[in-house]
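Below is a short note for a colleague who is meeting this structure for the first time. Please read the numbered points with the sequence and the model side by side.

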Amino acid sequence: MTMISPSSTRHRGGVAGLYVAALESFNSVPLSLVQLVSRVAVAHVFWQSSQSKLASWQVTVQLFTLEYQLPVIDPGVAAVLATTAEVSGSVLMFLGLFSRPAALMLLCVISTIQFLVYPQNWPDHLLWTAPLLLILARGAGTVSIDYVAARLFPKER
């Protein structure tokens with residue numbers, strides 16, 4: 001990510017100076033806000049998906065049997081695993097609890113969907129992957145149980 005140094009705005013005037021100043025103002029957006037929004041957005045997507053699976057379990061198993069057709073794994077087992085990952089992953093993401101493992105788990109779900117079920121839906125999968133990679137790389141942020149837990153139980157060295 002490119003950041004504009006404060007000195008670069010001092011020497012510019014006019015439209016260019018205003019443009020640089022406007023860009024620089026975005027540097028003050030807290031990363032924790034971006035992390036929180038990312039967590040909530042991803043949690044919502046996977047929560048909705050899990051709820052549609054739970055609404056009609058018979059239809060869910062039928063989908064895994066007839067449409068998704070995952071290799072090697074029984075459709076009933078795959079339905080349970082996918083639904084469990086979506087429910088638990090979305091709750092953990094929303095709370096900011098075990099966020100990095102939850103992000104990794106949901107990235108595995110997305111990878112399975114991308115490579116084995118709907119490879120043509122890569123734009124949607126990228127939209128879900130981007131915030132999960134942010135959480136995996138940078139953590140849940142200060143508005144999370146992970147953050148509070150890290151303060152209550154600091155690492156011993």
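1. The patch is made by Tyr19, Leu23, Phe26, Val29, Leu31, Leu33, Val34 and Val37, and has an area of about 740 Å². Patches are made of residues with over 30% relative accessible area and no salt bridge, where nonpolar side chains (Val, Leu, Ile, Met, Phe, Trp, Tyr) are joined within 5 Å and like charges within 9 Å; a salt bridge is a side-chain nitrogen of Lys or Arg within 4 Å of a carboxyl oxygen of Asp or Glu. Accessible areas come from the Shrake-Rupley method with a 1.4 Å probe, and for residues only the protein chains shown count as cover. Helices are DSSP runs (H or I, at least four residues), numbered from the N terminus.

2. Please keep in mind that this is a predicted model, in which local features need pLDDT of at least 70 and side-chain atom pairs count only at pLDDT 80 or more, while totals for chains, interfaces and linings use all residues. Residues are numbered from 1 along each chain as its sequence is written, and side-chain values use heavy atoms, with hydrogens and water left out.

3. One member of the patch, Phe26, has its place in the loop between H2 and H3, and Phe26 is exposed, with a relative accessible area of 57%. Here buried means under 20% relative accessible area, exposed over 50%, and partly exposed in between (1.4 Å probe, protein chains only). Ser28 is also found in the loop between helix H2 (14-25) and H3, and Ser28 counts as exposed because its relative accessibility is 60%. The side chain of Ser28 reaches the backbone oxygen of Ser25 at 2.7 Å.

4. Which residues touch the most other members of the largest nonpolar core? Of its 13 residues, they are Val42, Phe46, Met93, Ala103, Leu106 and Leu132. At least two residues of this core come from each of helix H3 (31-55), helix H5 (75-95), helix H6 (99-117) and helix H7 (122-138), and H6 provides the largest share, six residues. A nonpolar core is a set of buried Ala, Val, Leu, Ile, Met, Phe, Trp, Tyr and Cys residues joined through side-chain atoms within 4.5 Å. Apart from this core lies another, of seven residues, among them Phe64, Leu70, Ala78 and Val117.

5. Leaving aside neighbours within four places in sequence, Leu132 is in contact (heavy atoms within 4.5 Å) with Val42, Phe46, Met93, Ala103, Leu106, Leu107 and Ile110.

6. Not counting residues up to four places away in sequence, Ser90 touches Ala43, Phe46, Trp47, Ala85 and Leu106, and the side chain of Ser90 reaches the backbone oxygen of Val87 at 3.0 Å.

7. Two residues deserve a look for their backbone angles. Most residues other than glycine have a negative phi. Gln69, however, is not a glycine and has a positive phi of about 40°; Gln69 has its place in the loop between helix H4 (57-68) and H5, and counts as exposed at 52% relative accessibility. Val72 also has a positive phi, near 75°, and its place is in the loop between H4 and H5, where Val72 is exposed, with a relative accessible area of 91%.

Technical notes
A polar contact is a pair of N or O atoms within 3.5 Å; within protein, one must be able to donate a hydrogen and the other to accept it, and residues adjacent in sequence count only if both atoms are side-chain atoms.
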